[in-house]
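Consider the charged side chains in the structure below and how they pair with one another.

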Amino acid sequence: MKKIIITFLLSAGLLVSCTALEVTPDSFVTEDNYFITQDDAVASVTAVYASLSLDPGEQSLFGRNLYFLTDMASDYAAAGVSATNPQVRALSSLTHDATSDRVQVAWRQIYAGINRANVSIDNIPKVSGSEVVKTRLINEAKFIRGLLYFQAVRLWGGVPIVLHEATSINLGDLKTNRATVDEVYTQIIKDLTDAEALPKTYTAADAGRATSGAAKAILAKVYITRKDWPNTIAKAREVIDGGYGYALFEDFQDIFTKTKKNGKEHIFSVQFEPNQAGNGSSGSTFQATSFTGFTATEPADIISDVALFYDIYAAGDKRRDVSYAKQLLNPTTGTLYTFPKPIFKKYLDLSNLATPANVAINFPVIRYADILLSLAEAINEQGGPTAEAYELINQVRRRAFGKAITTPDATVDLIGLNQVTFRAAIQEERKKEFVQEGQRWFDLVRWGTLVTEVKKVTAKNSVSERNNLYPIPQSERNINPDGLPQNPGY
């Protein structure tokens with residue numbers, strides 16, 4: 001999993017011709033002649049993981065493309081002058097429509113990953129090899145499929161549920177209508193419940209694969225999104241008490257240090273290496289779009305409002321200077337450079353600032369701090385803050401201020417809040433904790449505060465209730481207009 005460099009043919013290509021030409025290929029890979037050995041099964045699931053981090057010729061799903069929808073179209077992030085794609089700028093100002101190329105690419109990437117998972121799930125049972133390994137691989141594919149459907153249902157609402165690879169070239173057979181939101185969540189929960197049977201840990205060579213703890217953690221996020229507080233609490237406690245060894249890093253910076261990959265706080269991360277596919281746009285482009293070097297040039301990804309999002313950190317809160325940078329040391333000249341506006345910093349390779357390129361820092365899909373805050377939130381929503389809920393949020397706060405994580409500290413610990421003020425405290429911590437981690441838009445939507453919060457940023461006052469969902473891409477509706485009705489406002 002350290003380097004996903006394979007190219008794998010997962011579905012048969014279709015060649016349609018107006019002539020009667022018949023060609024017998026000398027060599028052709030299909031599912032029937034590919035899925036033979038256990039190694040074939042492993043390679044197919046590796047390709048499922050690769051759908052998260054690789055899309056040659058395009059910014060990958062978790063490498064930056066999902067960021068446009070989950071962060072840049074929220075309140076704290078915006079498109080800088082280096083963002084030249086008008087569709088990106090439209091997302092930043094919340095003026096996008098159903099023809100948005102970024103929305104269409106996200107849809108395509110999500111369903112490409114789902115298709116890869118379907119191919120693996122359908123074909124692995126027939127390969128030779130250990131039944132234990134085959135079951136594990138199928139459950140890894142189900143984990144990715146469940147994760148991708150979870151992204152899709154939150155972005156678009158009800159979406160088509162596709163659980164098997166296409167076996168027909170008939171366009172009518174290929175059309176799949178929108179399912180209901182409840183139907184999509186039922187499938188997500190089924191896939192992730194199956195994935196709970198995954199191993200707790202792997203050897204170092206397989207670091208980064210989905211674990212049972214990761215499945216439980218994403219399930220906790222599914223339940224909190226559904227406002228199912230009892231199941232959120234149950235799953236989060238299983239993650240915390242399940243013997244997985246999860247814990248907060250003592251230093252917030254370690255979460256985004258490339259030598260600390262897949263550490264104790266990383267429950268599931270998308271794996272990235274520098275230039276991992278030999279293609280400058282197929283891995284993670286966060287560094288190159290958040291940092292244009294030691295110049296006054298504004299990057300493509302910028303903070304929307306310094307007063308609302310940078311200046312809010314209390315003195316001593318280390319998360320500010322990990323998430324943003326006003327100054328950086330130029331390694332070539334030794335000069336301390338001050339930027340005109342704070343830049344995003346989490347995905348900067350601080351050991352290689354002289355050459356901004358594809359980032360080797362993993363993208364944390366879910367980490368232990370998220371589980372602590374989710375459990376605290378669910379406990380509060382179920383009946384107000386308890387001693388347990390206070391301890392959960394205070395552990396995150398203590399780490400933020402460089403304190404001993406499990407030792408009460410009156411200088412940073414929260415006390416004496418009611419349900420409403422504790423809710424506000426959780427929301428404030430999440431805003432400071434998860435900058436550029438694909439959480440903010442989802443949080444604002446599930447809290448019902450997207451319009452209120454985004455309107456505080458002057459440049460984003462076009463936001464409206466329609467922005468609680470994204471439009472079904474028009475290119476998809478052109479194929480199946482009746483089965484893919486458009487979301488309101490688009």
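Is Lys 432 buried or exposed? Lys 432 is buried, with a relative accessible area of 9%; buried means under 20% relative accessible area, exposed over 50%, and partly exposed in between (1.4 Å probe, protein chains only). This is a predicted model, in which local features need pLDDT of at least 70, side-chain atom pairs count only at pLDDT 80 or more, and totals for chains, interfaces and linings use all residues. Residues are numbered from 1 along each chain as its sequence is written, and side-chain values use heavy atoms, with hydrogens and water left out.

Side chains of opposite charge can pair when their charged atoms come close. A salt bridge is a side-chain nitrogen of Lys or Arg within 4 Å of a carboxyl oxygen of Asp or Glu. The structure holds 43 of them.

Lys 432 forms one with Glu 428, at 3.9 Å from N to O. Glu 428 is partly exposed, at 27% relative accessible area. Because Lys 432 and Glu 428 lie 4 residues apart in helix 16, about one helical turn separates them. Helices are DSSP runs (H or I, at least four residues) and strands are too (E, at least two), numbered from the N terminus.

A second pair is Arg 423 with Glu 381, whose closest N and O atoms are 2.7 Å apart. This pair links distant parts of the chain: Arg 423 is in helix 16 (residues 419-433) and Glu 381 in helix 14 (residues 368-383), 42 residues apart. Arg 423 is partly exposed, with 29% relative accessible area.

Asp 317 and Arg 319 also form a salt bridge, with 2.9 Å between the closest N and O atoms. Asp 317 is buried at 5% relative accessibility, and Arg 319 is buried at 0%.
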